[in-house]
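Please keep the sequence and the model at hand while working through the numbered points.

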Amino acid sequence: MSILRVNTLQNTSGNSVITNAGKIIQVQTGMIASQIQYSSGAYSDGPDVNITPSSSSNKILIIGNITIGEGSGGDAHVFLYKDNSVLGAAIGNPVNNATRSTSGLSNGRSAWDTQTSPVFYMDSPSTTSQVNYEIRCMCSNGPIALNRQQNGFQNHANDNSHISYIIAMEIAA
């Protein structure tokens with residue numbers, strides 16, 4: 001067995017203070033496998049996760065996806081929620097009457113396919129209290145289904161059954 005003994009560690013600038021900045025402090029995950037149909041204009045449930053930052057200066061990196069089935073040319077809008085409200089900094093800029101969202105799916109064909117929309121966002125929650133993040137979806141011009149195709153067929157080998165997930169990583173400032 002080898003033993004390493006040193007008096008001082010220095011970073012590349014010659015400073016003896018080596019920080020934890022940029023290191024992952026903790027990882028929390030959430031997943032939803034439910035297959036639920038939603039009517040036009042309704043907001044879906046989605047994967048959610050709770051995380052309690054250890055320092056108010058740390059960041060939270062959100063990585064996740066939501067799988068939506070919608071058919072016949074609908075547009076699905078994906079939103080990142082924080083503590084039950086749309087995270088305003090994580091949606092697009094206002095342009096005319098466009099729906100501001102974090103991500104989205106457009107089905108320009110008449111297929112009843114499922115599509116997965118990724119979500120990536122770095123948040124600065126500025127708190128040491130628990131924070132909840134959730135990914136939700138809404139289609140204003142047609143029904144959608146969470147984690148399966150919208151037509152509800154589940155009896156063929158080529159039909160889909162998916163999960164949606166979210167990961168929250170605390171990053172040291």
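1. A salt bridge is a side-chain nitrogen of Lys or Arg within 4 Å of a carboxyl oxygen of Asp or Glu. The model discussed here is predicted, and by this rule it holds two salt bridges. In one of them, the side chains of Asp123 and Lys82 come together with an N to O distance of 3.0 Å. This pair links distant parts of the chain, since Asp123 belongs to strand β8 and Lys82 to strand β5, 41 residues apart. As background, side chains of opposite charge can pair when their charged atoms come close.

2. Is Asp123 buried or exposed? Its relative accessible area is 5%, so it counts as buried, the limit being under 20%. Besides the 3.0 Å polar contact with the side chain of Lys82, the side chain of Asp123 makes a polar contact of 2.6 Å with that of Tyr133. Leaving aside neighbours within four places in sequence, Asp123 is in contact with Lys59, Ile60, Lys82, Leu87 and Tyr133.

3. The other salt bridge is formed by Glu134 and Arg136, whose closest N and O atoms are 2.9 Å apart. Glu134 is buried because its relative accessible area is 10%. Arg136 also counts as buried, at 17% relative accessibility.

4. The largest nonpolar core has 25 residues, and those that touch the most other members are Ile68, Leu80 and Tyr133. Which strands supply at least two residues each? They are β3 (48–51), β4 (59–70), β5 (75–82), β8 (114–123), β9 (131–139), β10 (144–146) and β11 (164–171). The largest share, five residues, comes from β9.

5. Not counting residues up to four places away in sequence, Leu80 touches several residues, among them Ile62, Val86, Leu87, Val119, Tyr121, Tyr133, Ile135 and Ile166. Its contacts also include Ser85, Thr102 and Glu134.

6. With which strands does β4 run antiparallel? It is joined to β11 by seven bridges, to β8 by 10 bridges and to β10 by three bridges. Individual partners can be located in the model: Lys59 has Ile171 of β11 as its bridge partner, Asn65 stands opposite Pro118 in β8, and Glu70 is partnered by Ile144 in β10. Strand β4 is mostly covered, with nine of its 12 residues buried. When following any such strand, the reader may recall that in a regular strand the side chains alternate between the two faces of the sheet.

7. Asp75 and Ile144 are 69 residues apart in sequence, while their C-alpha atoms are 9.6 Å apart in space. Asp75 is placed in strand β5. At 30% relative accessibility, Asp75 counts as partly exposed.

8. How many disulfides does the structure hold? The number is zero.

9. Ser126, in the loop between β8 and β9, has a phi near 50 degrees, a positive value in a residue other than glycine. Asn147 is found in the loop between β10 and β11, and its phi is likewise positive, at about 65 degrees, although it is not a glycine. Their accessibility may be read side by side: Ser126 counts as exposed at 56%, whereas Asn147 is buried, with a relative accessible area of 0%.

Terms used. Residues numbered from 1 in each chain as written. Predicted model: local features only at pLDDT ≥ 70, side-chain atom pairs only at ≥ 80, totals over all residues. Heavy atoms only, no water. Core = buried A, V, L, I, M, F, W, Y, C linked by side-chain atoms within 4.5 Å. Buried < 20%, exposed > 50% of the residue type's maximum accessible area, 1.4 Å probe, protein only. Helix = DSSP H or I, 4+ residues; strand = E, 2+ residues; numbered from the N terminus. Contact = heavy atoms within 4.5 Å. Polar contact = N/O pair within 3.5 Å; in protein donor to acceptor, adjacent residues only side chain to side chain. Disulfide = S-S within 2.5 Å. Pairing = 2+ DSSP bridges.
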